[in-house]
Amino acid sequence: MSSEQEFEKPVIELRQKIADLRAFAMERDLDLSTEIKKMEARLSELEEEVYANLQPWERVQIARDHERPTTLDYVDVLFEDFLEMHGDRLFGDDKAIVGGIATYKGKPVTVIGHQRGKDTKENIVRYFGSPHPEGYRKALRLMKQAEKFKRPIICFIDTKGAYPGKAAEERGQSEAIARNLLEMAGLKVPTISIVIGEGGSGGALALGVADEIHMLENATYSVISPEGAAAILWKDAGKAKKAAESMRITAPDLYELGIIDSIIPEPRGGAQRNLHQQAEEIDRLLEKALTRLAEKPVDVLLDERYEKFMKFGHIPEEAATTGQ
């Protein structure tokens, strides 16, 4: 069961009441099916009310749910014969990024993604999904290997940002991220990035220079966290909710702005409610996207990737003149 968010309490409480009533009916051998059906109908209506009108801050909370599926969860369901590779051949192995070779629908692919932990102990080992430079260099090593052997690259983005510690800076955090941006822009194989949770700052963008970028419905993607933006703008991290509403970091906003190519639907309440249902949605998208990109010659792929990112931040003249 995923962690309970404040806005979800009415839904969770009604679910529990239905479960309690079922248990009571079985224990007393009573027929309460009519009452249970009425409550289930009300639950369906309540879920629609709550999850169909999520506010940006509520989506942030869902994206951060500690039981939300991670890269390795999706790898287990979507791919076969996954062989994880380790190390950047320079310093060491960063467990905040996982990657390796797998097969998808019988064809070889390279899969890379941020990896959070499922509990405090694993989060410490994986730096809470915030990579050091060696993590990004490992990712780049695998990308260049994929290019050499003409394998498509699939990236899963899920990080609050790159690790901010002194050691990471001493080992060249900024250079490692910048190098990934440069090299990904010129990769001669199809690349797809999917934001599955939080996509924070350059730590996320280092896996995000792709031919196609997609987001789960309740994921977020931004240059800074709402708390960080609030601390800078209003000197108060407590105004994170206000910042989230202003920053346009949700999938619907980013699709409207042309930053992402599509929104992947989630089960009601988030991907953590049903891993296999969520994986099926990703599977449908991946199959179509890989087929679509495989048909494009390399020069077309590179030209379209360049044009895609050059459009970011462009404000149509009519919007600029009207102040919209």
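Helices (H or I, at least four residues) and strands (E, at least two) are DSSP runs, numbered from the N terminus. The model is predicted: local features need pLDDT of at least 70, side-chain atom pairs count only at pLDDT 80 or more, and totals for chains, interfaces and linings use all residues. Residues are numbered from 1 along each chain as its sequence is written, and side-chain values use heavy atoms, with hydrogens and water left out.

**Exercise 1.** State where Arg248 lies and what its phi value is.

*Solution.* Begin with the location: Arg248 belongs to the loop that joins helix H11 (240-247) to helix H12 (251-257). Next, consider the backbone: the phi of Arg248 is near 60 degrees, a positive value in a residue other than glycine. For comparison, most residues other than glycine have a negative phi. Finally, Arg248 has a relative accessible area of 29% and is partly exposed (buried means under 20% relative accessible area, exposed over 50%, partly exposed in between, with a 1.4 Å probe and protein chains only).

**Exercise 2.** Determine how helices H1 and H2 are oriented to each other.

*Solution.* First, take the axes, which are lines fitted to C-alpha atoms over the stretch in contact, with angles from 0 to 180 degrees between N-to-C directions. Those of H1 (residues 9-28) and H2 (residues 33-51) come within 10 Å and cross at roughly 165 degrees. Second, apply the classes: angles under 35 degrees count as roughly parallel, over 145 as roughly antiparallel, 65 to 115 as roughly perpendicular and the rest as oblique. H1 and H2 are therefore roughly antiparallel. Third, examine the contact (heavy atoms within 4.5 Å): among its residues are Leu14 and Ile18 of H1 and Met39 and Leu43 of H2.

**Exercise 3.** Which residues are linked with Lys144 in a network of salt bridges?

*Solution.* The network links Lys144 with Arg137, Glu147, Glu175, Arg179 and Glu183. Within it, Lys144 forms a salt bridge with Glu183, with the closest N and O atoms 3.4 Å apart.

Notes: A salt bridge is a side-chain nitrogen of Lys or Arg within 4 Å of a carboxyl oxygen of Asp or Glu.
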